[in-house]
Each structure stands twice: as structure tokens, then as C-alpha cells.
Amino acid sequence: MPHTTESPLSFSSLSLAEELLKAVEKIGFEQPTPVQQQAVPPALEHKDLLVSAETGSGKTAAFLLPTLHHLLSRRSTLFGTRALILAPTRELAQQTYNQCRALAEFTELKIGLITGGEDFKQQQGALRRNAEIIIATPGRLLELINQDAADFSHLDVLILDEADRMLDMGFSDDVLAIAGHCNDERQTLLFSATLTHYGVIKIADRILKNHYKTVALNTLHDGHSNIQQQIVLADDNDHKQKLLAWILLNETYDKALVFTNTRLKAVELQGPLRGQKLRVGVLHGEMDQKDRNRMMSLFRDGIVNIVVSTDLAARGLDVKGVNLVINFDVPRNGIDYIHRIGRTGRADEQGLAVALVKSTEWNLMSGIQRFLKQKFERRTIKELEGSYKGPKKLKSSGKAAGSKIKREPKKAAAEKVKIRHRDKKNIGKRRAPSNKPDINPAS
Ligand code: AMP
């Protein structure tokens, strides 16, 4: 049973339809669980969501309640399914079906269950009888779609439950094919136990709308992730540059992405890496679209196998063979972190994500680990071991105890200014890349 003791909200304050509140009361749910509190309000606004929640957290009701509310508040006379819920296994689909029936008890909504192993003809019939809600496993549903037995052109809501498991079971192509048959204007809710999974972020980029909201809760630390995550401590940016070159020269990978927080830093890193004979390109938001496309195709074709990029490239970028991500700068928050590392790994492979962390970034990095409920492996590169070994004392939160933020040494700061001037000169008439965060206007 999920814990609900700290819940400040009640179900009635979630503005759900009367029929649903009556069902919730009859079932005996007293207060919304944390995932219900966080996911129901944006889902009711019809936003696309990526939600991390474990089984047992109350996630099923977190997507069923806003979906049922939506169907009740916007009646439709059109033929066809209005909500589709995909689940990885028959058992989960059956459980979701049972919960959906209980929550919809005081409504007239029709619910259909479509899973492998059951009678095909009967399931065709369920679709013909025009159930508003279909709960299905992807394989069987796709068979029915291929026989023109299903119509999702008026779909209002698509839900992917336990998306990580669905991808682990090899359903990625089926899920994309099914989403391709659904109304483009629909709302999509994607639930996954973990967000640091090779395919979840990629599939989110493909099927959620650009401005989807991420709700991170109860993320598992059970090794579900296919991405090995490491931290390498660094003394300063010079040290980071040496570590970066070492990793790129010594790790085994097909393609690598290096992330910086600013355009300027991305540009600065390119030269020294090229000097090491690495095949490096840069991608950031001040480049015009033609140059960006050119860089993407060089990267896709493997002519360039390392791209230094700002967060601009983190969203939506899907290049095969990226199995190494290096965070030169620690990203500003956990959501950016998962978007960055989500570029690596494929169904049958492990990805590696390495973050270079200096003392001023320690607390940010520990916040990201806390957000993900994960503890990353600490890696030391013997050849380049620095003097920074992490805080002497830690708070229970993992942050440094009693430490003031250390400023960069004056010499390094002066060097930075010098580099900036030099780059400005070199770039000539072209605009120098700014030191501001690179934010994709389209994301
Ligand atoms: P789920 O994470 O959706 O598999 O739900 C786990 C269990 O929690 C199920 O047995 C639900 O019936 C139950 N549950 C869901 N929401 C609540 C709630 N607000 N209060 C108490 N139990 C709940």
C-alpha cells in the first residue's frame, strides 16, 4: 500500500468528476498518493507527461483518473476508441482493466481488454462494439490494427504503462507503430519505473509533444538502467580538459557526445580535442540550421564520431551508436541530466555516462543523484589523478557539510578571459558564441 501520510491534497481538491469521486470513495482510497498528487493536475490540463513511478505507488489511478475525467467531460459522438492504454504483459493489462472498471463503475464508459492468448474474434468484437477505453498489450493490438480492426484516429489519450519494461521486452517498434496509427493531436502519458533507461527518453522524444512535463518520483535504483553512470572528480577546467581527452582517447565507443552548459565552452573544447587527432564537431544553438544539419549528418555517417554540444542537442537527438556521454559541465538539474544521458545506449547495449565534477559542482551533482535516487560510481583515472577528493564531510543529503563554495583560482579566471578574447578575434566578423545557456527555442 502506498504511503499517503504526508499528502496535503484530498481527492475532491483534484477537481475530478463526481462519478469518479464516488468510485474512489467506494474503493476506499482516502488521499491521493504522491504520484497521483503530482501527475493528476497536469494530466487534467491535457499536458503530455513523462512520469517515473514504481508499481505500488498508485500510478495506475494516476493515469486512469484524469483520463476518465477527460472522457466524461468531453463527450464525443465520433466512432472509435478515445483512450488507449498499452501495458507490457497480460497480467498488468488485466490488473489495469480491473482498476479501470472499478473507477468507472458509476459511468457509462465501455472498456475493452485486448491481450495475446485470448480469443482473437472476441477481441475484434470488443473493438467493433466501440469501447471508449482499450487496454492492450502491444503485440496483439498491432495484429488487430494490421487487419483494420481498430480505429485510433479520434484518440484523445494514449498511455504507455511500464514503458521501460515494454522496451526491455522488445516492443519498441510495435509501440512506435501503434503510436503512428493514433491521432496526432492526442495527449500522451508515458509511465516508467526509471527514467535513466536506454529507450525511454528516446521514445518520449518520438511520441510526446515537445513541451512535455517530466514528473520524477520513486525512481528505482535497482540496476534497471542500461546506462552505467560514473563520476570523475576534477580540480578545475584545465584538469577537466585533460580528463576529457584521456577518456575520449582510451574508452571503447562508437560515438560520443560531450555536453557543456554554454556555447562558448563547446566551441573552446573543439580545438584542443582536434589537436589530439580526435574527429570532433560542435553543435549549439547559435549555428544556423544548415550548419547544424551538416554536423548531424557527419555524426550520423560516423565521419565525425565525437560531438561537443550544449543541451540543445540533448532533446530529440537520436543517433545510432552513441554509447558514451561525457558531461564536461554538470547539468543544471536532474531533468537535463536524464535528457543528456538518454542519448546513449541501445536495446542490446550498455551505455556509459561520465560526469566530470569539480568542487563547485559537487552539491549540484549530489542533488541530481538524490533526484534520481541513484548513487553513481566514483571513478579515478590514475594517470590524471587530481588533488580534489570530494568534500571532507558530507551532510545526510550527500551535500558538502559546512563548505563555502570555492571560487576558481584567479589565474584560471584570467585565462578564461584571455581565451574569450582570442576566440572573438579568431571568429572575426562572425558572432562569438555566448557564455549563456543554450536553450533550444523549439524545445
Ligand atoms: P499501482 O501502483 O497502480 O499498481 O497501485 C498499487 C496499489 O495501490 C493498488 O492496489 C491500488 O489499488 C492502491 N492505490 C492506488 N491509489 C491509492 C490511494 N490513493 N490510496 C490507497 N491505495 C491506493
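Just after helix α2, H46 takes a positive phi of about 70°. Helices here are DSSP runs of H or I with at least four residues, strands are runs of E with at least two, and both are numbered from the N terminus.

A word on the basis of these values: this is a predicted model, where local features need pLDDT of at least 70, side-chain atom pairs count only at pLDDT 80 or more, and totals for chains, interfaces and linings use all residues. Residues are numbered from 1 along each chain as its sequence is written, and side-chain values use heavy atoms, with hydrogens and water left out.

Let us stay with α2, which spans residues 34–44. Its buried residues (buried means under 20% relative accessible area, exposed over 50%, partly exposed in between, with a 1.4 Å probe and protein chains only) are V35, Q36, Q37, A39, V40, P42 and A43. They pack against the elements below, a contact being heavy atoms within 4.5 Å.

| Partner of α2 | Residues |
|---|---|
| β1 | 49–52 |
| α3 | 59–73 |
| β6 | 187–192 |
| β7 | 213–216 |

Now for R128, in helix α5 (residues 120–128). R128 counts as exposed because its relative accessibility is 58%. Between R128 and D151 there are 23 residues in sequence and 9.4 Å in space, C-alpha to C-alpha.

Finally, the whole chain. It has 15 helices and 14 strands, and 54% of its 443 residues count as buried. Among contacts with a separation of 6 or more, 77% come from residues 24 or more positions apart. The accessible surface, from the Shrake-Rupley method with a 1.4 Å probe, comes to about 21100 Å², with 48% belonging to carbon and sulfur atoms.
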